[in-house]
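Reader: I am new to reading protein models. Please pick one part of this one and take me through it closely.

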Amino acid sequence: MTPKHALSRLVGKLAAARAGWFTQLFIRWFIRTYKIDMSEAVHESPKAYKTFNDFFTRHLKPELRPLKATAEQFAQPVDGAVSQLGAIEDGRIFQAKGHDYSLTELLGGDPRDAHAFKNGKFATIYLAPKDYHRIHMPCDGVLRKMVYVPGDLFSVNPLTAANVPNLFARNERVVAIFDGEFGKFAMVLVGATIVASIGTVWAGTVTPPTGKHVHSWEYPASGDQAIRLSKGEEMGHFKLGSTVVLTFPEDVIDFADDLEAGSVTRMGDILGERDD
């Protein structure tokens, strides 16, 4: 019954505000509460951040997130923890015990977008408040389509994922579909309660404002207008919380053997191997 959209947008305005001592007080409280290691940040002092958003989307020292994935491997796109990963079965993705959801709905409702991933694989990675909230490319890719999908703003923490049906296909989200070096792949940036913004490097802030209808944009595969991003390069960000769902076609990726639900991820580490 909580007015999630109104609350999230209010928090967004506060997070963007230059509120002087109040901003500093809140940033320091957040660091203490969520035990954030500021030694990893390019700017370690809270005083370096004029707004909470500046702090929340802070850059990390690049040497702390080296790109470990080789030419035949996929890189972890974010700092977070694996919620679930595995096969896409009959066009549905496993969410939690007793819950799955539609791949087509997740990607915005167009069956043509979902077709390539129907028998493929997925990985769902949850970003906690303490995590680094910039999102990076798992492999080289050329952007072909972006879809904004309006929806709810339920929390996406593990407890909610275990209890809210169709969670990731119900929440507001931004879908990016790429032609990758090993095949097509999609990255779905899922919003949540208190998420003040979802943005991409090519479009800037996609939401807010919140829409009522699905909108899509298509991009060329080649030429000067093509958007090409390299493995490990930043592709987007969250301002507060959330989840990334990756989908791959059949016979494209073998996930790393040590990955399972609950595994901690670090951007640049190995997500999986190319499936030959």
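Reader: Let's look at strand β8. Where do residues 173-180 sit, buried or exposed, and which strands pair with β8?

Author: One caution before the close look. This is a predicted model. Every value below is computed from it.

Start with the whole chain. It has seven helices and 18 strands. Along the principal axes, the C-alpha atoms fill a box of roughly 55 × 45 × 40 Å. Of the 276 residues, 52% count as buried.

Contacts come next. Take those in the chain with a separation of 6 or more. Residues 24 or more positions apart account for 76% of them.

Now to your strand. β8 covers residues 173-180. This strand is mostly covered. Seven of its eight residues are buried.

β8 has a pairing with β7, which spans residues 141-149. The two strands run in the antiparallel sense, and eight bridges link them. Here is one bridge to find on screen. Start at valine 142 and look across to β8: the partner there is aspartate 179.

β8 also pairs with β9, residues 183-190. This pairing is antiparallel too, with eight bridges. Again, take one bridge. Phenylalanine 178 has phenylalanine 185 in β9 as its bridge partner.

For contrast, look at a loop residue. Histidine 213 lies in the loop between β11 (204-207) and β12 (215-218). Its relative accessibility is 55%, so histidine 213 counts as exposed. The cut-off for exposed is over 50%. Histidine 213 still has neighbours. Leaving out residues up to four places away in sequence, it touches Tyr148 and Pro150. Phenylalanine 238 is 25 residues from histidine 213 along the chain, and their C-alpha atoms are separated by 21 Å.

Finish with the surface and the charges. The chain exposes about 12800 Å², and carbon and sulfur atoms supply 53% of that area. There are 31 positive and 33 negative side chains. The centres of these two sets lie 11 Å apart.

Back to your question, then. β8 is mostly covered, and it pairs with β7 and with β9.

Methods:
Residues are numbered from 1 along each chain as its sequence is written. This is a predicted model: local features need pLDDT of at least 70, side-chain atom pairs count only at pLDDT 80 or more; totals for chains, interfaces and linings use all residues. Side-chain values use heavy atoms; hydrogens and water are left out. Helices (H or I, at least four residues) and strands (E, at least two) are DSSP runs, numbered from the N terminus. Buried means under 20% relative accessible area, exposed over 50%, partly exposed in between (1.4 Å probe, protein chains only). Contact means heavy atoms within 4.5 Å. Accessible areas come from the Shrake-Rupley method with a 1.4 Å probe; for residues, only the protein chains shown count as cover. Lys and Arg count as positive and Asp and Glu as negative; His and the chain ends are not counted. The place of a charge is taken as NZ of Lys, CZ of Arg, CG of Asp or CD of Glu. Two strands pair if DSSP finds at least two bridges between them.
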